[in-house]
Amino acid sequence: MHDESKHEHGSHGHGDHDHGHDHDHEHQHPPSPAALRVKAIETLLVEKGLVDPQALDAIIETYAEKVGPRNGARVVARAWSDPAYLERLRQDATAAIAELDFQGRQGEHMVVVENDARTHNLVVCTLCSCYPWPVLGLPPVWYKSDAYRSRAVIDPRGVLSEFGVELPEDKAVQVWDSTAEVRYLVLPERPAGTEGMSEEELADLVTRDSMIGTGLPLSPEEARS
């Protein structure tokens with residue numbers, strides 16, 4: 001690990017990870033045995049009339065498209081534009097996020113970590129795939145992969161470089177390990193040249209990866225292109 005990098009665990013350590021989460025790490029061809037079992041169970045439940053396939057599709061669509069990172073982007077945009085909200089977010093992220101009606105399973109114990117001129121934050125779940133669904137939607141495949149979960153702790157700068165994030169050498173990288181008891185949302189630095197932009201316009205600059213720490217927000221020019 002680089003000397004300037006730090007690794008922080010949730011307050012209850014690894015033993016409290018929610019191992020009921022999805023443990024598939026990468027897409028496989030043909031589908032993995034676990035994926036096949038899930039599909040078989042889904043098919044059986046639909047055939048027996050216990051699950052409405054349209055309702056199932058609606059749930060998946062909600063998390064993948066509607067809930068998704070757009071909710072988190074609105075939280076970040078509000079924090080960038082409203083100092084009072086930012087302070088509430090610092091004091092009790094779960095409550096502040098709930099003010100925007102973003103709450104529910106996997107989002108009960110939220111902590112916001114702020115990027116600044118001296119520190120860049122990176123979020124990982126080293127033992128499973130704890131992830132704040134209400135604000136970030138479904139976790140990307142790479143977040144659940146063994147490679148990311150191990151290398152984010154051992155070589156965070158190398159991982160960031162692979163995502164295209166090159167940081168100044170004097171900026172520390174702090175790694176936060178999500179657990180069943182606490183999930184992290186990175187508050188990225190507000191891009192330059194965004195003075196006077198509305199919350200909606202600011203939200204368009206916030207990417208999913210910037211809220212995990214594996215990316216940076218878009219500049220106004222990038223958002224327009």
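Welcome to this chain, which averages a pLDDT of 81, with 76% of the residues scoring at least 70; pLDDT is the predictor's confidence in each residue, from 0 to 100. This is a predicted model, in which local features need pLDDT of at least 70, side-chain atom pairs count only at pLDDT 80 or more, and totals for chains, interfaces and linings use all residues. Residues are numbered from 1 along each chain as its sequence is written, and side-chain values use heavy atoms, with hydrogens and water left out.

**Overall picture**

- The chain holds 11 helices and 5 strands, taken as DSSP runs (helices H or I, at least four residues; strands E, at least two) and numbered from the N terminus.
- Of the 225 residues of the chain, 42% count as buried; buried means under 20% relative accessible area, exposed over 50%, and partly exposed in between, with a 1.4 Å probe and protein chains only.
- Among contacts (heavy atoms within 4.5 Å) with a separation of 6 or more, 73% come from residues 24 or more positions apart.

**Where to read with care**

- Over residues 11–29, pLDDT stays under 50, and the model has 44 contacts beyond four places in sequence for this stretch.
- Where pLDDT is low, the predicted coordinates should not be read in detail.

**The nonpolar core**

- A nonpolar core is a set of buried Ala, Val, Leu, Ile, Met, Phe, Trp, Tyr and Cys residues joined through side-chain atoms within 4.5 Å.
- The largest one has 48 residues, and those with the most contacts inside it are Val-75, Tyr-85, Leu-89, Ile-97, Val-135, Tyr-148 and Leu-185.
- Helix H2 (residues 53–81) gives the largest share of this core, with 6 residues.
- Leu-89 sits in helix H3 (residues 83–91) and is buried, because its relative accessible area is 2%.
- Leaving out residues up to four places away in sequence, Leu-89 touches Val-75, Ala-79, Ala-96, Ile-97 and Val-112.
- Leu-185, with neighbours within four places in sequence set aside, has contacts that include Val-75, Met-110, Val-135 and Met-211.

- In strand S5 (residues 183–187), 5 of the 5 residues are buried.
- In a regular strand the side chains alternate between the two faces of the sheet.
- Both faces of S5 are covered, with buried Arg-183, Leu-185 and Leu-187 on one side and buried Tyr-184 and Val-186 on the other.
- S5 runs parallel to strand S2 (residues 110–114), and 5 bridges join them; two strands pair if DSSP finds at least two bridges between them.
- Val-111 has Tyr-184 as its bridge partner in S5.

- Helix H7 (residues 146–154) has Tyr-148, Arg-149, Ala-152 and Val-153 as its buried residues.
- Seen down the axis of H7, these buried residues fall within an arc of 115 degrees, so they line one face of the helix; the arc is that of the directions from the helix axis to the C-beta atoms.
- Asp-101 lies in the loop between helix H4 (93–98) and S2, and counts as exposed because its relative accessibility is 63%.

**Cysteines**

- With a disulfide taken as a pair of cysteine sulfur atoms within 2.5 Å, the count comes to 0 disulfides.
- The sulfur of Cys-125 is 3.8 Å from the closest cysteine sulfur, in Cys-128, so it is too far for a bond.
- Cys-130 is in no disulfide either, as the nearest cysteine sulfur, that of Cys-128, is 3.7 Å away.
- Cys-125 counts as buried at 0% relative accessibility, and Cys-130 counts as buried at 0% too.
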